[in-house]
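Please go through this structure one region at a time, keeping the model in view while reading.

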Amino acid sequence: MSKPLVSIICLCYNHELFVHATLASVWAQNYDNIEVVIVDDGSQDQSVKKIREYIEQNPCPYPLHTIFLEQNIGNCAAFNRGWKLANGEFIIDLATDDVLLPDRVSLQLELFQSLPEDYGVVFSEVQYINESGEAQYLHFQDKYKHVRPIPQGDIYAKLIALYFIPSPSMMYRQRVLQDLGGYDERLAYEDYDFWIRSSRKYKYAYLNHCTTLVRKSAGSMSKAWYKKGDRQLHSTYLVCQKIKVLNKSPEEDAALTQRVKFEIRQAVFSNNQAEALLFFTLLKDIDHIDWAYRFLLLLTRSGLNLSWLRDLYLRFIS
């Protein structure tokens with residue numbers, strides 16, 4: 001088996017408590033043809049000091065590049081800075097609060113090398129952990145330890161309607177990112193946009209093995225999702241505009257309608273009226289607005305703050 005170069009791009013922003021563990025997990029991979037690119041996106045804590053300290057005390061066993069940005073430019077732009085230095089045939093985008101298990105790179109490469117060239121992305125099971133590193137749950141298992149069906153192959157339509165891939169588990173071919181021109185720097189997050197644009201052309205494969213520990217911390221971007229003024233909601237609207245152009249079938253249009261209706265509900269009940277109106281306009285372009293969504297539109301235009309209803313619902317189901 002050939003040993004292609006894998007570039008691991010480690011993106012740090014205020015991860016002083018976790019960055020040592022992340023870098024240690026990269027250093028400890030049981031595959032040796034790796035290069036590491038560390039990008040600190042203008043951290044306001046002691047992350048840069050911690051990174052320098054770790055590298056000095058534990059010399060990297062692979063070629064290493066570092067970028068320490070003076071100002072925070074956002075994870076998409078910061079990743080692109082690191083990607084410009086990446087020479088690998090395969091790429092891993094690693095947040096420096098997550099942890100790679102030792103066989104992450106080798107197992108994903110083994111799967112890639114068994115697949116046709118039109119497979120551009122491999123993803124796998126992940127274990128979620130808390131800030132203290134304690135195991136919480138697996139991504140693809142429910143509370144009864146039943147494994148959800150995991151789509152593979154041409155999954156473009158499924159990705160429109162449902163977020164089901166744990167993005168920290170992905171490894172993808174360099175040429176996928178080259179085709180996309182990197183991450184879209186207008187966006188507050190990268191994964192949904194990456195899934196949509198890449199799956200239009202490339203197939204996805206699932207590795208039935210836990211490869212990554214994904215940390216759920218107070219500073220995680222997911223914690224801000226659907227809060228008032230959250231930029232991620234507007235980013236989703238921009239991705240949905242792309243989907244409208246990329247779609248080629250009634251099935252894909254139906255999936256987009258499902259996604260837009262979901263985002264309308266979240267926007268209305270999180271008091272994000274501006275984004276709700278944008279999604280309503282998009283819904284009108286791709287489908288009719290039925291009576292239920294006409295009612296939601298009236299509520300949005302009234303300016304009523306309905307976020308208390310969403311908060312009540314979330315407390316009820318938690």
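The crossing of α9 and α11 is left-handed, a term used when the near helix is turned anticlockwise from the far one by less than a right angle, with right-handed used if it is turned clockwise. Two packed helices are described by the angle between their axes and the distance between the axes. Here α9 (residues 250–268) and α11 (residues 291–302) pack at an angle of about 30°, and their axes are 11 Å apart; such axes are lines fitted to C-alpha atoms, for helices over the stretch in contact, with angles running from 0 to 180 degrees between N-to-C directions. From α9, the contact (heavy atoms within 4.5 Å) takes in Lys 261, Ile 264, Arg 265 and Val 268, while α11 contributes Tyr 293, Leu 296 and Thr 300. By class, four of the residues in this contact are nonpolar, one is polar and two are charged, where Ala, Val, Leu, Ile, Met, Phe, Trp, Tyr, Cys and Pro count as nonpolar, Asp, Glu, Lys and Arg as charged, and the others, Gly among them, as polar. An α-helix has 3.6 residues a turn, so residues three or four places apart point the same way.

This is a predicted model, in which local features need pLDDT of at least 70 and side-chain atom pairs count only at pLDDT 80 or more, whereas totals for chains, interfaces and linings use all residues. Residues are numbered from 1 along each chain as its sequence is written, and side-chain values use heavy atoms, with hydrogens and water left out. Helices (H or I, at least four residues) and strands (E, at least two) are DSSP runs, numbered from the N terminus.

Helix α4 (residues 104–112) is largely enclosed by the rest of the structure, because seven of its nine residues are buried; buried means under 20% relative accessible area, exposed means over 50%, and partly exposed lies in between (1.4 Å probe, protein chains only). The buried residues of α4 are Arg 104, Val 105, Ser 106, Gln 108, Leu 109, Leu 111 and Phe 112. In helix α1 (residues 19–27), Val 19, Thr 22, Leu 23, Ser 25, Val 26 and Trp 27 are buried, and the buried residues of α1 pack against β1 (6–12), β2 (34–41), α2 (47–57), β4 (90–95) and β5.

Strand β5 (residues 99–100) pairs with β9 (residues 203–215) in the antiparallel sense over two bridges, pairing being assigned if DSSP finds at least two bridges between two strands. Within that pair, Val 99 stands opposite Leu 213. Strand β9 also runs parallel to β6 (residues 119–129), to which 10 bridges join it, and Leu 207 of β9 is the bridge partner of Ser 124.

How many disulfides are there? The count is zero, a disulfide being a pair of cysteine sulfur atoms within 2.5 Å. For Cys 12, the nearest cysteine sulfur is that of Cys 10, 9.4 Å away, and Cys 12 is buried at a relative accessible area of 1%. The sulfur of Cys 210 is 18 Å from the closest cysteine sulfur, in Cys 10, which is too far for a bond; Cys 210 is partly exposed, at 22%.

Asn 80, in helix α3 (residues 75–83), counts as buried because its relative accessibility is 6%. Leaving aside residues up to four places away in sequence, Asn 80 touches Gly 182, Tyr 183 and Glu 185. Gln 174, in helix α6 (residues 174–180), is buried at 9% relative accessibility, and its contacts beyond four places in sequence include Trp 83, Ala 86 and Phe 90.
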